[in-house]
Amino acid sequence: YSQVLVAEPKQKVDLTRYTEHHQFGFDFAFDERAENVMVYNCTAKPLVQFVLDGGMGTCFAFGQTGSGKTFTMLGAPEVGQPGLYLLAADDVFRACDQNDAGIEVYVSMMEIYGDEV
């Protein structure tokens, strides 16, 4: 269990400055030094295994513009930083190669930006 603490500077009507503190809990929290493989192993890899075992899953990236969603999902394989899409596809197709149960793979992807899909 990881916690993220946010200090939000505020100002009262009388112009007195103060800081409001917020605490958020997550299963995992990563900073800017976390590599995509670590993020994948902690988040999407268990989801991939769940799907291979017959479940259904969604990997959803949400955040502020410039926060790293595209890099996390697409990566930069040319510099040794594959994204979650590539890491998940590798695991899925490796499992398909090792299993002759006739697994069929269907993938849907969409990008929602602002109010456009």
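In the analysis that follows, Ala, Val, Leu, Ile, Met, Phe, Trp, Tyr, Cys and Pro are counted as nonpolar, Asp, Glu, Lys and Arg as charged, and the others, Gly among them, as polar. By this division, the lining of the largest pocket in the structure, which is a predicted model, comprises 26 nonpolar, 11 polar and three charged residues.

The volume of the largest pocket is about 1,600 Å³, and of the 40 residues that line this pocket, Cys59, Met73, Tyr85, Ser108 and Met109 are the closest to its centre. Two or more residues of the lining are given by each of helix 2 (44-52), helix 3 (69-74) and helix 4 (84-98), and helix 4 gives the most, with six residues. The second largest pocket holds about 870 Å³ of space and is lined by 26 residues, with Phe28, Phe30, Val39, Phe62 and Thr72 nearest its centre. Its lining divides into 15 nonpolar, seven polar and four charged residues; helix 1 (36-42) and helix 3 each supply at least two of the lining residues, and the largest share, four residues, comes from helix 3.

Side chains of opposite charge can pair when their charged atoms come close, and four salt bridges are found in the structure. One of these joins Lys45 and Asp91, with an N to O distance of 3.3 Å; since Lys45 lies in helix 2 and Asp91 in helix 4, the pair ties together parts that are 46 residues apart in sequence. Lys45, at 37% relative accessibility, is partly exposed, whereas Asp91, with a relative accessible area of 16%, is buried, the cut-off for burial being under 20%. Together with Arg94, Lys45 and Asp91 are linked in a network of salt bridges.

A further salt bridge is formed between Glu20 and Lys10, the closest N and O atoms of which are 3.4 Å apart. This pair links strand 2 (residues 17-26), which contains Glu20, to strand 1 (residues 2-11), which contains Lys10, across 10 residues. Glu20 counts as partly exposed at 28% relative accessibility, as does Lys10 at 29%. The side chains of Asp31 and Arg33 also meet in a salt bridge, at 2.3 Å from N to O; here Asp31 is partly exposed, at 35% relative accessibility, whereas Arg33 is exposed, with a relative accessible area of 65%.

Conventions: Residues numbered from 1 in each chain as written. Predicted model: local features only at pLDDT ≥ 70, side-chain atom pairs only at ≥ 80, totals over all residues. Heavy atoms only, no water. 1 Å grid on protein atoms, 1.4 Å probe; cavity = no way out; pocket = protein on both sides within 12 Å on 5 of 7 lines; lining within 4 Å. Points joined across faces, edges and corners; volume = space filled by probe spheres on them. Buried < 20%, exposed > 50% of the residue type's maximum accessible area, 1.4 Å probe, protein only.
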